[in-house]
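Please keep the sequence and the structure in view while reading.

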Amino acid sequence: MQAKAVGVLQGLPISDPRSLQDVTIDVAQPQGRDILVEVLATSVNPIDTKQRQGQPEVTTPRILGFDAVAKVLAVGEAVTTIMTDDIVYYAGAVDRPGSNAQYQLVDERLVACAPKTWTTAESAGLPLTTLTAWEALFEKLPYTAVADANVGHSVLIINGAGGVGSMAIQLAKWAGLTVVTTTGKPETTAWVKQLGADVVLDYHQDLAPQLAAAGLDSVEHAILLHSTDLYLPIVTPLVQPLGTIVAVVTNQKPLPMDLLKPKSLNFAWEFMFTKANYQLTTMATQGIILARVAQLADAGIIVPTTKQTLTGINAANLRQAHGIVETGQMLGKVVLTEPFNA
């Protein structure tokens with residue numbers, strides 16, 4: 001079957017109208033553990049912009065998009081957890097055509113039913129950031145993913161107002177953690193406090209004296225959601241011995257890992273596409289995580305992080321959304337909703 005889509009043919013500045021183009025693609029019927037879905041909403045993440053910028057010139061358009069809410073149209077013969085007509089949400093896989101297409105094939109193990117009480121725009125802002133935040137907190141760091149199970153423990157989240165940070169703060173508070181985060185503007189400070197952050201540090205100023213003024217001399221662990229090159233040496237003195245620093249943003253130069261040795265600090269990368277890229281046996285944990293988070297959403301324990309919504313999924317709107325994300329000043333998430341009018 002054919003589908004409307006928005007494709008990338010080469011890495012170009014987002015100001016170039018050729019950077020994202022309306023195209024038509026072929027989509028196969030689902031086989032094995034794949035499901036075929038009709039995309040109802042999608043969002044744009046930093047990985048979309050980076051993948052677009054670095055795209056070598058190709059003749060077959062590459063379809064980006066790593067967040068979606070969609071209706072299930074058909075399922076492969078091995079699918080056991082999803083049914084036709086389900087409304088699902090997912091982040092998908094970076095090595096397959098993404099959600100910037102009217103129809104998409106997705107592995108059932110990466111999918112869960114979307115929150116029932118949220119709009120499609122609200123739910124579409126969740127998957128990638130939620131999976132990244134959950135894996136950082138509860139897989140890379142030794143925290144327990146149970147309500148109030150980590151009272152008395154602390155975490156520092158660099159860049160709390162962005163998409164991942166907005167989810168990490170909420171999940172950390174649900175799990176009972178004391179949350180320290182960074183912001184740089186009154187509106188972002190107000191946002192992270194609304195989400196539950198206990199201590200907010202101004203990243204324009206030295207973090208250590210601000211932390212001390214808040215009554216803390218250190219934190220147990222840290223998650224870097226902005227400029228690993230800049231923040232690794234800044235955060236290392238703030239983390240307790242034997243702690244772990246989790247980084248999400250790729251470094252641009254060799255990191256000073258020797259700084260971690262005196263405290264025997266651990267360092268871990270979080271990349272939520274690893275499980276799907278390598279077809280790990282833990283792939284299905286992503287569907288399970290999304291199912292648990294949908295329950296938290298429907299219970300009112302977490303709130304939506306979608307801050308901007310564009311109506312119509314097409315190249316022009318996606319170029320606008322990419323431009324917003326590329327400013328690096330995002331508060332929460334930007335989402336595009338149906339109709340799919342590419």
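Glu57 lies in the loop between helix H1 (46-53) and strand E4, in what is a predicted model. Although Glu57 and Gln10 are 47 residues apart in sequence, their C-alpha atoms are 4.2 Å apart in space.

- Once residues up to four places away in sequence are set aside, Glu57 touches Leu9 and Gln10.

**The three-stranded sheet**
- The strands of an open sheet follow the order E2-E1-E4, and their pairing is antiparallel.
- Strand E2 (21-26) and strand E4 (62-63) are the edge strands, each with a single partner strand, so one side of each has no neighbour in the sheet.
- Two bridges join strand E1 (residues 2-8) to E4 in the antiparallel sense, and Gly7 has Ile63 in E4 as its bridge partner.

**Thr189 in helix H5**
- Thr189 belongs to helix H5, which covers residues 186-195.
- Leaving aside neighbours within four places in sequence, the contacts of Thr189 are with Thr183 and Val200.
- Thr189 and Val200 are eleven residues apart in sequence, with a C-alpha to C-alpha distance of 7.0 Å.

**The packing of helices H3 and H9**
- Helix H3 (residues 127-140) packs against helix H9 (residues 284-298) at an angle of about 100°, and their axes are 10 Å apart.
- H3 is therefore roughly perpendicular to H9, a class that takes in angles of 65 to 115 degrees.
- On the H3 side the contact is formed by Pro127, Thr130, Leu131, Trp134, Glu135 and Glu139, which meet Thr285, Gln286, Ile289, Leu290, Arg292 and Val293 in H9.
- By residue class, this contact of H3 with H9 consists of six nonpolar, three polar and three charged residues.

**The nonpolar cores**
- In soluble globular proteins, nonpolar side chains tend to be buried together.
- Here the largest nonpolar core comprises 83 residues, and Tyr89, Tyr90, Leu137, Phe138 and Val155 are those with the most contacts inside it.
- For Leu137, the contacts beyond its neighbours within four places in sequence are Pro142, Tyr143, Val155, Ala168, Leu171, Ala172, Leu177 and Ile223.

Terms used. Residues numbered from 1 in each chain as written. Predicted model: local features only at pLDDT ≥ 70, side-chain atom pairs only at ≥ 80, totals over all residues. Heavy atoms only, no water. Core = buried A, V, L, I, M, F, W, Y, C linked by side-chain atoms within 4.5 Å. Buried < 20%, exposed > 50% of the residue type's maximum accessible area, 1.4 Å probe, protein only. Contact = heavy atoms within 4.5 Å. Pairing = 2+ DSSP bridges. Helix = DSSP H or I, 4+ residues; strand = E, 2+ residues; numbered from the N terminus. Axes fitted to C-alpha atoms, helices over the stretch in contact; angles between N-to-C directions. Parallel < 35°, antiparallel > 145°, perpendicular 65-115°, else oblique. Nonpolar A, V, L, I, M, F, W, Y, C, P; charged D, E, K, R; others polar.
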